[in-house]
Amino acid sequence: MASSGLKPKLAYIILYVRDVEKAASFYDAAFGYTVRRLGLRKWAELESGATTIAFTPLHQRETDARSGEVQLPDSSAAERGSLEVCFAYADVDAAYRRAVENGAVPVSAPEDKPWGQKSGFVRDMDGNVVRIASYVRA
């Protein structure tokens with residue numbers, strides 16, 4: 001059993017993007033988040049509760065040399081990355097419409113799923129898949 005000093009908390013979801021300022025503005029308009037911090041075009045954070053959603057440039061000297069360069073999915077080839085962001089809303093249809101009206105690329109409209117969730121998918125300006133969903137009903 002892990003000691004309490006080693007119990008993790010999910011602190012950040014970091015999306016690597018082409019333009020940090022544009023991505024922060026897009027997520028503000030399309031998904032309803034408020035930009036909490038924007039610094040020197042190299043970092044932005046959204047006000048998102050206990051876990052921070054952050055944006056940073058695709059290529060950074062600090063990380064590229066250590067962990068390799070980021071590869072964005074090719075949305076024209078229907079590729080997706082290994083990470084999906086999911087935002088939960090009380091009104092999934094309205095949230096989906098707002099996202100698309102503010103530049104999100106529609107992937108699939110919201111529909112009721114057999115496991116008790118309503119969800120739809122869009123892509124952001126960098127091709128990242130965003131699920132717009134309700135919480136799963138018990």
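Author: Strand S3 (residues 43–47) and strand S4 (residues 52–57) are antiparallel partners, joined by three bridges. Two strands pair if DSSP finds at least two bridges between them. Helices (H or I, at least four residues) and strands (E, at least two) are DSSP runs, numbered from the N terminus.

Reader: Which residue is the bridge partner of Leu 46 in S4?
Author: Ile 53.

Reader: Before going on, what are the ground rules?
Author: This is a predicted model, where local features need pLDDT of at least 70, side-chain atom pairs count only at pLDDT 80 or more, and totals for chains, interfaces and linings use all residues. Residues are numbered from 1 along each chain as its sequence is written, and side-chain values use heavy atoms, with hydrogens and water left out.

Reader: What is the strand order in the open sheet with S3 and S4?
Author: S1-S4-S3-S2, with mixed pairing. Strand S1 (12–17) and strand S2 (34–39) are the edge strands, each pairing on one side only. On average, neighbouring strands here are turned by 20 degrees against each other, direction ignored. Axes are lines fitted to C-alpha atoms, for helices over the stretch in contact, and angles run from 0 to 180 degrees between N-to-C directions.

Reader: What lies across S1, S2, S3 and S4?
Author: H1 does, at about 150 degrees to S4. Contact means heavy atoms within 4.5 Å.

Reader: Now the sheet with S5. What order?
Author: S5-S8-S7-S6, an open sheet of four strands with mixed pairing. Strand S5 (85–88) and strand S6 (105–112) each have a single partner strand, so one side of each is left without a neighbour in the sheet. Neighbouring strands are turned by 15 degrees on average, direction ignored.

Reader: How many bridges join S6 to S7?
Author: Five, and the two strands run antiparallel, with S7 covering residues 118–123. Val 105 stands opposite Arg 123 in S7. S6 and S7 form a hairpin with five residues between them, and Gly 116 in the turn has a positive phi of about 90 degrees.

Reader: Which strands does H3 touch?
Author: Helix H3 (residues 92–101) touches S6, S7 and S8, and its direction makes about 175 degrees with that of S6.

Reader: Where is confidence lowest?
Author: In helix H2 (residues 61–67), at a mean of 65, whereas H3 is highest at 98. The mean pLDDT (the predictor's confidence in each residue, from 0 to 100) is 86 for the protein, and 80% of its residues reach 70 or more. Where pLDDT is low, the coordinates should not be read in detail.

Reader: Last topic: what lines the second largest pocket?
Author: Among the lining residues are Leu 10, Tyr 33, Ile 53, Glu 84 and Phe 87. A pocket is an open set of points on a 1 Å grid over the protein atoms alone, where a 1.4 Å probe fits, with protein on both sides within 12 Å along at least five of seven lines; lining residues have an atom within 4 Å of a point. S5 gives the most to this lining, with three residues.
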